[in-house]
Amino acid sequence: MKLFERYPVSLTNSLTGKKEIFKAITPGFVGMYVCGPTVYNDVHLGNVRTFLTFDIVARYFRFLGYKVRYVRNITDVGHLENDADAGEDKIAKKARLEQLEPMEVVKYYTEGFHEVMRQFNILPPSIEPSATGHILEQINITQNLLDKGLAYVSNGSVYFNVRKYNQTHHYGILSGRNIEELMESGRDLENQDEKREKIDFALWKKASPYHIMRWPSPWGDGFPGWHIECTVMSTKYLGETFDIHGGGMDLKFPHHECEIAQGTAATGKPPVNYWLHSNMLTVNGQKMSKSLGNSFLPRELFAGTHPLLDKGYGPMAVRFFMLQSHYSSTLDFSNEALQAAEKGYKKLINALGLIKKMEAGPAPGKAETSAEFVRLSRDCYQTMSDDFNTAKTLAVLFEMAARINDLKSGNTKLTELDGTAFAEFKETYIGFMEAVLGLQEEKEQNDGTLKGTIDLLIDLRKKARTDKNFALSDKIRDDLKKLGIQVKDGKDGEMTYSFE
Ligand code: AMP
Ligand code: ZN
């Protein structure tokens, strides 16, 4: 029996608002699409939370034995300011301000994004398509919607006709919004007069003469709308209807609502079976966002240079901090919460080091103790299969860590454990820590505490030299070398160090 049959996954489908048992379209295979970043600035910790949520989802499905095709795109054109249909393209604007080619902006921030994902041990997706690589497909689907009478051309742009679509379908099915209310509340934007109704959204935008990112189309030079990009890239690699679509909660409307409308209009089928939304990382209760000026960059966090922090934190402590809450709840960022998370993370990682070295013999052991160890192993699966409840899984792992410490101290003897019960326990602890939750030994280079400690030792070595205490100076250098830290002596007594 496959693990996914033994521990069926339930998830909260944003479409129905209910917890549902996941049923794959193709048995044993999960197709998942997640909206990737718009690569015009550095990713902040809020973005990291969302990508971490779906990293866990992909990891857990794989751990259960599913084959997972995880598609996460790069938005490199078409995302206009304020998520609206008017205003400047975010990437084109950055390129204009920095006097760069738009693709220079895209390359720079895509690499930065990948680096941050690596630091947090967020695994790469199976496919990472970019919007500019799929212009032809976007033109084709726009033409398809025009042919079906669900879109119209206006002044070289193409808009989706929401009212017409809503006559036969439900626009607002995901966000729960009411079309009449939306008509009333639509903001007055420039170019609004191009649209028949405020609620209509762009599939293709005409490029003004000075617009740098442009492609020829049947409607003149232009560029694709943001929503159509995701419809094209998800269905191209996952099929017209696929299993899971994810993203941050803030993308539900208009982005995902529009994806449902376009996809359904183009193929006659709903594009997605399960919509999953990750809740926001907040600071003092307010969504973390670049525009609100309350965002943290990962590097500020590692170095501890942000005014809200009293020291630097490594990516694994932050990863642990984020996993302590369920993905559907908001999570508030604070120095205190990070301090507590760092302690918790260290407890679990210490236990990981210990259990890796333990082996139980073939002794039959005590039935009661063995049963307890088996129950804890199964609880890990049960909590994760219950809507990816990482918070509850961590609570189980803490219980397991306490048992591991008991084994280490001798409070419980390995001989009290049945060999197979211990093997299951060990495999589960290691598997959930490493493969499912992606928690690993902190890479020390990123740890602000370590940097501070090395700086201190180097200062002491400088002092030893000034005092002509060469024995101590050499000892500090040699001992650091044994730890893999190479101290180099420069001119005028300067010292630098590097990790070997
Ligand atoms: P963007 O590049 O702004 O489109 O954002 C990339 C992803 O990060 C999207 O899925 C957003 O929903 C998500 N996101 C943005 N801000 C936050 C936040 N404060 N907390 C969690 N996720 C966020
Ligand atoms: Zn998207």
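Which residues coordinate the zinc ion (ligand 2)? The donors are C35 (SG), C230 (SG) and H255 (NE2), at 2.0 to 2.1 Å. Donors here are N, O and S atoms within 2.8 Å of the metal (3.2 Å for Na, K and Ca), and water is not among the atoms, so sites may look incomplete. Along the sequence, the donor residues follow the spacing C-x194-C-x24-H. Because C230 belongs to helix α8 (residues 226-238) and H255 to helix α9 (residues 252-267), the pair ties together parts that are 25 residues apart in sequence. Helices are DSSP runs of H or I with at least four residues, numbered from the N terminus.

A note on the ground rules: this is a predicted model, in which local features need pLDDT of at least 70 and side-chain atom pairs count only at pLDDT 80 or more, while totals for chains, interfaces and linings use all residues. Residues are numbered from 1 along each chain as its sequence is written, chains are lettered from A and ligands numbered from 1 in the order in which they are written, and side-chain values use heavy atoms, with hydrogens and water left out.

Now turn to ligand 1. It is surrounded by 15 residues (a heavy atom within 4 Å), and the closest are G46, T50, D250, L281 and M288. Helix α2 (residues 45-63) supplies the largest share of this shell, four residues.

Look next at the polar contacts, pairs of N or O atoms within 3.5 Å. A polar backbone atom of G46 is 3.0 Å from a nitrogen atom of ligand 1, and a polar side-chain atom of N47 lies 3.0 Å from an oxygen atom of the ligand.

Technical notes
A polar contact is a pair of N or O atoms within 3.5 Å; within protein, one must be able to donate a hydrogen and the other to accept it, and residues adjacent in sequence count only if both atoms are side-chain atoms. Helices (H or I, at least four residues) and strands (E, at least two) are DSSP runs, numbered from the N terminus.
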